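I opened my notebook to go through this structure. I wanted to look up pockets, domains and a sheet, and I jotted down each result as I went.

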Amino acid sequence: MPDRTRLPAVGADPTFSLPAFERTTLSDGVQVLAAGHQRAPVLTLFLLLPAGAAADPPHQAGLAALTADLFDEGSAALSDVELHRALMRIGGRLGTEVWSDAAVVGLTTLSRHAREGLRLLFEIAARPRFDPGDVARVRDLRINRIRQLRRSAAAVAERVFAEALYGSHPYGHLAIGTETALRALGPAEVADFHRRRYLRPPWTVVAVGDLASEALLAEVARAWDEGVLGDAGTPPDGLPEPPPLTRRMVFSAREGAVQSEIRLGHPGVPRTSPDFYALSVLNMVLGGQFVSRINLNLREEKGYTYGARTSFDWRVGRGPFCLQVGVQTAATLDALREAVREIAEVRGPRPPSPRELETARAALTRGFPRSFETAYQVARAGMRIALHGLPDDHYARFVPRIMAVGADDVLRAAQRHLRPDELLAVVVGSRPDVLGDLAGLGFGDPVEWPAG
């Protein structure tokens, strides 16, 4: 009989094989990535448009996301009702997302309706209707959402952090935009942005589902050859460097608040950084999981918060490294001190221990196969490969590359990419309870920032 007083020994990690992507290039330079995923009769299609919130023109923050949000309101050939009836006939579900660097139009359908799904996807993205009434209604919904977000201290902190960190840089605003900018947008601005930024170049189609990859490539090519597109748009601009940063603090008042929302960080590195793997492990040690240093300090030891975390926002350009936490108002100053100390100490005075590194690598790798169980998940991996120009076998190599990260790699990455002397601190909290004491933290006098 087995000894049930002891935990069973941990076995070897199971082997994991990600479905291989096949590639082809269509006319006009359209890239296609396809992979078979024969587990359910489902097909996931993504159309990656390489213009996201960072492509918003000056003083028109939110235009990219507003434009993409209108894709499901009908096309030149289909009214909104007709479009949704066509989706229902093929069991289709349509969705759009806008990130900093790209917009994504996604459609999930039954694999036997691959051709109809692709035709709809291209029709929606290439020939949206942009009815004036729809534009006004969707714009007003987004404005109302911005007003709602002003009631959330966390949402205010996210917006202020982006604005204060990047300024007029393309990353200096959230995808949803601002109320002032959205109010000035109408059908003409939306149609012009679509023509210049979304109507290629270059589109990327990612197709994953219950068909062989060769069959998927053929279906995409056949649908593309029907020629639904118009004239080519404007190639995306390159991203400038973020503005130089010295340590400083920004404060946004939230009267009567019993908690303070804190953001602490600086521009990080692009997704293509050669230190990606070392920084991924470093982040797990510092604040990327429950047993990270930041969370154990501020939550478990001090009891200041329900949770604290750090992250590198992997973008085409230098996305932010950020520590985020909401703490009791009385703990604001000490939480900031502790957070800065943890960032500084992981760079050398208290480097990651062998146990911490082992736990960090396990957190990144043990559950990794769960990220690729469905066609939708595999297709999202293909999107990231396309957006960042990663090798097709990137995810197949992820686990061994993470496991090869050593203590010296993590320490070098921390010293190179964590910059305590350039931290921006954002505090959203009660002015009478917090503001007067913040000047003594080594960030200089706090700059007051409007709440919205």
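Entry one, the second largest pocket. I looked up its volume in this predicted model. The second largest pocket comes to about 640 Å³. I then asked which residues lie closest to its centre. Of the 29 residues that line this pocket, they are A54, A55, D56, P170 and H173. I sorted the lining by class as well. I noted 14 nonpolar, eleven polar and four charged residues.

I got a volume of about 1,400 Å³ for the largest pocket. Its lining has 43 residues, and a run of five sits closest to the centre: S311, F312, D313, W314 and R315. Which element gives the largest share? I found that α9 does, with five residues. By class, I counted 25 nonpolar, ten polar and eight charged residues in the lining of the largest pocket.

I looked up the domain assignment, which gives domain 1 (22-223) and domain 2 (248-448). I went back to the largest pocket with these bounds in hand. For the contacts across the two, I noted 31 residues of domain 1 touching 37 residues of domain 2.

I traced an open sheet of six strands with mixed pairing. I read the strand order as β1-β2-β6-β3-β5-β4. The edges are β1 (22-25) and β4 (93-98), and each of these pairs on one side only. From one strand to the next, the twist averages 15 degrees.

Strands β3 (residues 42-49) and β5 (residues 103-110) run antiparallel to each other, and eight bridges join them. What is the bridge partner of F46 in β5? I found G106 there.

Helix α3 (residues 114-126) does, and I listed its contacts as β3, β4, β5 and β6 (204-209). The direction of α3 makes about 25 degrees with that of β3.

Terms used:
Residues numbered from 1 in each chain as written. Predicted model: local features only at pLDDT ≥ 70, side-chain atom pairs only at ≥ 80, totals over all residues. Heavy atoms only, no water. Pairing = 2+ DSSP bridges. Helix = DSSP H or I, 4+ residues; strand = E, 2+ residues; numbered from the N terminus. Axes fitted to C-alpha atoms, helices over the stretch in contact; angles between N-to-C directions. Contact = heavy atoms within 4.5 Å. 1 Å grid on protein atoms, 1.4 Å probe; cavity = no way out; pocket = protein on both sides within 12 Å on 5 of 7 lines; lining within 4 Å. Points joined across faces, edges and corners; volume = space filled by probe spheres on them. Nonpolar A, V, L, I, M, F, W, Y, C, P; charged D, E, K, R; others polar. Domains from an automatic or database assignment.
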